[in-house]
Amino acid sequence: MKKETIYLAGGCFWGTEKYMRCVEGVLETRVGYALGEKPLWNPPLKESVTYEEVCNHSGHAEAVEVVFDAEKISLTEILREYCYTIDPTSLGRQGMDIGIQYRTGIYSLTEEQRQTAQAFLDTLQKDYKQPIMIENLPLRQFIQAETYHQKYLEKNPNGYCHINFEKIAAQKAAKAEKQD
């Protein structure tokens, strides 16, 4: 087994975590608050941050730490799965969630991951007329979210989620039919 970790921001982290937990090859997930390393803007790091602070412009994005077996699923495949759950052209918004904390982003631990993500985003851009708004940055900080946010939709199956799981299943089925 070859464990690898990537951090994905896809709007509200509840749905992103639930979806990623169902992807074959994903070993574990946890939700938290991420900052990417930006050349011109890097707010001071805090030892901890609360959901309320994130909602009040701490600069963090709701994100999911995704640990996966790179021998079973590649980073590119993880990113392909992630893109089923987001509108990659939306800035600071996914579904009904609006704000900087709901932006989309890929936060990498290595330069190789960042380059793989960039190649993926360059290919993805060919499918859209509008610019892709997904950040692709080295991870600067990840702070685990409060316990009640972890696996939230498993504990609250009727909780709000911007992800349409049935629509994604239909898209995947249609794609599989085309390939047959």
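**Helix H1 and its surroundings**

Mentor: This is a predicted model. In helix H1, the buried residues pack against S1, strand S2 (26-36), S3, H3, helix H5 (152-155) and helix H6 (165-179).

Trainee: Which residues of H1 are buried?
Mentor: A residue counts as buried when its relative accessible area is under 20%. Seven of the nine residues of H1 (residues 13-21) are buried, so the helix is largely enclosed by the rest of the structure. The buried residues are Phe 13, Trp 14, Gly 15, Thr 16, Glu 17, Tyr 19 and Met 20.

Trainee: Is H1 parallel or oblique to H6?
Mentor: The axes of H1 and H6 lie 12 Å apart, and the two helices pack at an angle of about 40 degrees. Angles under 35 degrees count as roughly parallel, and 65 to 115 as roughly perpendicular. The angle therefore makes the orientation of H1 to H6 oblique.

Trainee: How many residues of the contact of H1 with H6 are charged?
Mentor: H1 contributes Gly 15, Lys 18 and Tyr 19, while H6 contributes Phe 165, Ile 168 and Lys 172. By class, three residues of this contact are nonpolar and one is polar, and the number of charged residues is two.

Trainee: What is the handedness of the crossing of H3 and H4?
Mentor: Helix H3 (residues 75-83) and helix H4 (residues 111-125) have axes that come within 10 Å and cross at roughly 50 degrees. This angle makes H3 oblique to H4. The crossing in which H3 passes H4 is right-handed.

Trainee: How many nonpolar residues does the contact of H3 with H4 have?
Mentor: From H3 the contact takes Leu 75, Thr 76, Leu 79, Arg 80 and Cys 83, and from H4 it takes Gln 113, Thr 116, Ala 117, Phe 120 and Leu 124. Three residues of the contact are polar and one is charged, and the number of nonpolar residues is six.

Trainee: Which residue in S3 stands opposite Lys 3?
Mentor: Strand S1 (residues 3-10) is mostly covered, with seven of its eight residues buried. S1 pairs with strand S3 (residues 61-69) in the antiparallel sense, over six bridges. Within S3, the residue opposite Lys 3 is Asp 69.

Trainee: Which residue in S6 is the bridge partner of Tyr 7?
Mentor: S1 also runs antiparallel to strand S6 (residues 104-108), and four bridges join these strands. In S6, the bridge partner of Tyr 7 is Tyr 107.

Definitions and conventions:
Residues are numbered from 1 along each chain as its sequence is written. This is a predicted model: local features need pLDDT of at least 70, side-chain atom pairs count only at pLDDT 80 or more; totals for chains, interfaces and linings use all residues. Side-chain values use heavy atoms; hydrogens and water are left out. Buried means under 20% relative accessible area, exposed over 50%, partly exposed in between (1.4 Å probe, protein chains only). Two strands pair if DSSP finds at least two bridges between them. Axes are lines fitted to C-alpha atoms, for helices over the stretch in contact, and angles run from 0 to 180 degrees between N-to-C directions. Angles under 35 degrees count as roughly parallel, over 145 as roughly antiparallel, 65 to 115 as roughly perpendicular and the rest as oblique. A crossing is left-handed if the near helix is turned anticlockwise from the far one by less than a right angle, and right-handed if clockwise. Contact means heavy atoms within 4.5 Å. Ala, Val, Leu, Ile, Met, Phe, Trp, Tyr, Cys and Pro count as nonpolar, Asp, Glu, Lys and Arg as charged, and the others, Gly among them, as polar.
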